[in-house]
Amino acid sequence: MNQELIKYAAKILERADRVVCLTGAGVSAESGISTFRDPETGLWTKFNLEELASQEGFRSDPGKVWRWYAARVGDMGKAQPNPGHVAIAEIAQRTEDFTMVTQNVDNLHERGGCESVIHLHGTIGKFRCNECTRDYDVSDDELTADQPPHCPHCNGLVRADVVWFGEAMPRLQMDRAWKASENCQVMLVVGTSGIVYPAAYLPLLASENGATIIDINPDYGEISRMADVHIPAPSGEALPAIVAAMG
Ligand code: OAD
């Protein structure tokens with residue numbers, strides 16, 4: 001890891017009062033949760049996106065979608081926050097005004113010590129009716145069943161409370177993320193390919209408004225291209241190193 005880059009990123013963060021951190025699947029990779037697009041290990045290279053993460057897929061085979069998300073609830077429940085999550089929480093504590101925005105549906109930022117997290121793509125382990133959108137508490141038996149339960153209010157099918165392709169993001173969460181991105185001095189982007197919009201627009205918005213963009217990603221991607229600083233390292237190593245270098 002390039003120590004000069006780490007020190008440079010630490011200085012930028014130290015001097016900023018208003019910081020936004022935007023994360024994607026890469027921040028949880030070292031916790032054993034697969035990313036979506038990494039070659040070979042990425043979920044969307046192994047599973048069919050249209051079948052599992054779209055309204056059309058759910059309507060044509062609700063049981064298949066139900067079982068897939070139930071398995072993910074199990075996998076994510078077993079995962080532990082990694083040093084990257086913990087370091088982000090540390091940076092949050094040292095920053096006057098810190099906004100945590102994630103595209104991830106796991107709750108590893110919260111479990112890693114971040115108090116308030118904006119979830120742009122929903123949360124795994126929460127469920128709602130696909131028709132009337134009311135929240136639904138799923139029992140253990142229902143979670144291991146072959147088919148989703150029915151909503152007691154409208155008889156619609158219950159689904160995971162995550163955002164599927166073609167669906168709008170939660171309005172309030174997006175508004176908060178948008179405002180914070182417009183106003184921040186630094187945006188720390190961690191482990192996202194930056195190709196899913198509108199989340200990927202947030203770093204552009206921050207940059208247009210004068211923020212410094214720090215990208216942490218072993219690969220050079222869409223965000224690295226527009227970032228002021230790109231740290232080509234796994235976040236579980238780079239982020240603790242940045243915290244250690246902060247005064
Ligand atoms: P992707 O799978 O598209 O990108 C993951 C990124 O993490 C890649 O750029 C990797 O290079 C990087 N990465 C891998 N290991 C890393 C590590 N140890 N440290 C840091 N970075 C690492 O995942 P997202 O960008 O999160 O949407 O994908 C965005 C959205 O697409 C997801 O929220 C999901 C998906 O379809 C919905 O479910 C709506």
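Q: What makes β3, β4 and β6 contributors to the lining of the second largest pocket?
A: β3 (117-119), β4 (122-129) and β6 (158-162) each supply at least two residues of that lining. A strand here is a DSSP run of E with at least two residues, numbered from the N terminus. The largest share, 4 residues, comes from β4.

Q: How do you know which residues line the second largest pocket?
A: A lining residue has an atom within 4 Å of a pocket point; a pocket is an open set of points on a 1 Å grid over the protein atoms alone, where a 1.4 Å probe fits, with protein on both sides within 12 Å along at least five of seven lines. The second largest pocket has 18 lining residues, including His119 and Asp161, which are among the closest to its centre.

Q: On what model do these values rest?
A: This is a predicted model, where local features need pLDDT of at least 70, side-chain atom pairs count only at pLDDT 80 or more, and totals for chains, interfaces and linings use all residues. Residues are numbered from 1 along each chain as its sequence is written, and side-chain values use heavy atoms, with hydrogens and water left out.

Q: Which pocket does the ligand take up?
A: The ligand takes the space of the largest pocket, whose volume is about 880 Å³.

Key
A molecule sits in a cavity or pocket if more than half of its atoms lie within 2 Å of its grid points. Grid points are joined across faces, edges and corners, and a volume is the space filled by probe spheres set on the points.
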